[in-house]
Amino acid sequence: MANIKSQKKRIVTAEKARMRNKAVRSELKTAVKRVRAAVEANDAELAQAEANKAGKLLDKAASKGIIHKNQAAQRKSGVQKLVNKIK
């Protein structure tokens, strides 16, 4: 454990950020799973709607620095490719 007061505070804030980032990453995975489920069900309309939601979440996570912007772009591209297969 740190002895310096500011370092103790950084440990606490880093843990809060880690938990928040973990929740956001989990939400991203769930959004992508919803798209995949809609694609497997051959529901193009639902798949596109879920892809739009997932894209928005990915962009938001990238802007907050939770994931890298290129990673967000790659995931959005992959999700959209899945949707385009059933259109």
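How many salt bridges does the count come to?

Modeller: The count comes to three salt bridges, a salt bridge being a side-chain nitrogen of Lys or Arg within 4 Å of a carboxyl oxygen of Asp or Glu. Bear in mind that this is a predicted model, where local features need pLDDT of at least 70, side-chain atom pairs count only at pLDDT 80 or more, and totals for chains, interfaces and linings use all residues. Residues are numbered from 1 along each chain as its sequence is written, and side-chain values use heavy atoms, with hydrogens and water left out.

Let's start in helix 1 (residues 5-40), where Arg 18 and Glu 15 sit three residues apart, about one turn of the helix; helices here are DSSP runs of H or I, at least four residues, numbered from the N terminus. Their side chains meet at 2.9 Å, N to O. Arg 18 is partly exposed at 42% relative accessibility, and Glu 15 is too, at 37% (buried is under 20% relative accessible area, exposed over 50%, partly exposed in between, with a 1.4 Å probe and protein chains only).

Lys 53 pairs with Glu 50, their closest N and O atoms being 4.0 Å apart. Glu 50 is buried, at 12%. Beyond its neighbours within four places in sequence, Glu 50 is in contact with Arg 34 and Val 35 (heavy atoms within 4.5 Å).

Finally, Lys 76 and Asp 59 form a salt bridge at 3.0 Å, N to O. Lys 76 belongs to helix 3 (residues 69-86) and Asp 59 to helix 2, so this pair ties together parts 17 residues apart in sequence.

Technical notes. Helix = DSSP H or I, 4+ residues; strand = E, 2+ residues; numbered from the N terminus.
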